[in-house]
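Hi,

Here is the model I promised to pass on.

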Amino acid sequence: MSREADRTGASTGAGTGAGTGAGTGETAEPRAGREIVAGVDGSPESLAAADWAAREAEHRGVPLRLAHAWRWEPLDLPLVQDRETQERAAEEVVGAAAAEITERHPELAVTSGVLADTPVAALLDTAEEAEMLVIGSRGHGAVAGFLLGSYGQQVIAASTRPVVAVRARDDRAAEPPTGEILVGQQGSPEDSEAVLRFAFETAAARGAAIRAVRAWSLPPLFAYSPTSMRLADDAGGLVPFEEKALREALAPWRERYPYVPVTEHVELGSAGQVLLTTSGAAQLLVVGRRAKRGALGQRIGSVAHAALHLAPCPVAVIPQGG
């Protein structure tokens, strides 16, 4: 994937924020050299994403990078095409975003640049070593559709790093909700390791509580087997079996983050439905995404799709193993 040198827009505030995770007893654990990357394009949604990313960078004590993708691609048409004007406009987009974020968050280290590539390729490349990538989402309405936009869905489907989708609020200066970090747990402890790690790191950095949700459904008749039923019987029934599975998945993270309050929530229903019905008071919803490829390319999965289009809060999508 080719990528030219960034053109630097507005940069650096003084120092970095401290990710103390007040009240948790432990901070999040950003890895050396990591930063949070936010994609900006001048839209209200992308500016809301940049503002959310700035707050998260302060919580975690890492720098923020604002990125805007633009590549000169002249059209084969008899039109006047001014490369310098378009290039200057791209620089103004990211420069204006950086200036606004620096004003709102003067203690945060902020860098910005124009990336000489297509949007999806540029964001994926830039965020490859980042803590996370934050992008804007168009919001939700009465009809569920591709409200993220094609670029957003492609980025989420292909990213190897966590991607957070943020919607624009009426007043971006208002404080975000102070509710729980809502996380969906599925499968074995190994299956949900990446999702739970992100949720606990975020909760620790913010001093927030976690609500861990495990949805389950009655298996179809053909799925019953002596082995599966014996496991359920040993646990005292299907509900206790699911509760035990959730406890076992949470155990290592509770030990690692003993001061993060955790509520366990096991409910009969589809994962997407259960998560959405419990997301009203959440400040962030965390879901997993396994690599799936369909006829039209990589897909984000039904649970992530439902969360991204219908959840009222920001949604973090965490890539998992295949």
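Below is what I found, starting with the whole chain and then going into a few places.

First, the ground rules. This is a predicted model, in which local features need pLDDT of at least 70 and side-chain atom pairs count only at pLDDT 80 or more, while totals for chains, interfaces and linings use all residues. Residues are numbered from 1 along each chain as its sequence is written, and side-chain values use heavy atoms, with hydrogens and water left out.

**Overall**

The protein chain has nine helices and 13 strands (DSSP runs numbered from the N terminus: H or I of at least four residues for helices, E of at least two for strands). Of its 322 residues, 47% count as buried, meaning under 20% relative accessible area with a 1.4 Å probe and protein chains only; exposed is over 50%, and partly exposed is in between. Among contacts (heavy atoms within 4.5 Å) with a separation of 6 or more, 81% join residues 24 or more positions apart.

Mean pLDDT (the predictor's confidence in each residue, from 0 to 100) is 78 for the protein chain, and 70% of the residues reach 70 or more. Residues 72-80 stay under 50, with seven contacts beyond four places in sequence. The pLDDT is also below 50 over residues 140-147, a stretch with 16 contacts beyond near neighbours in sequence. Where pLDDT is low, the predicted coordinates should not be read in detail.

In α5, 11 of the 14 residues are buried, including F198, F200, E201 and R206. Just after α5, G207 takes a positive phi of about 70°.

Helix α7 (residues 238-256) kinks by about 40° at L250, shortly before P252; the bend is the angle between axes fitted to the seven residues ending there and the seven starting there. Its buried residues are E242, A245, L246, A249, L250 and W253, and what covers them includes α5, β8 (210-216) and β9 (262-268).

**Two loop residues**

H105 sits in the loop between α2 (83-104) and β4 (110-115). It counts as buried because its relative accessible area is 7%. The H105 side chain makes a polar contact with that of E58 at 3.2 Å (N or O atoms within 3.5 Å; within protein, one must be able to donate a hydrogen and the other to accept it, and residues adjacent in sequence count only if both atoms are side-chain atoms).

D191 is in the loop between β7 (181-184) and α5 (193-206), and is partly exposed because its relative accessibility is 33%. Its side chain reaches the backbone nitrogen of S188 at 2.9 Å. Beyond four places in sequence, D191 is in contact with Q186, R290 and Q320.

Cheers
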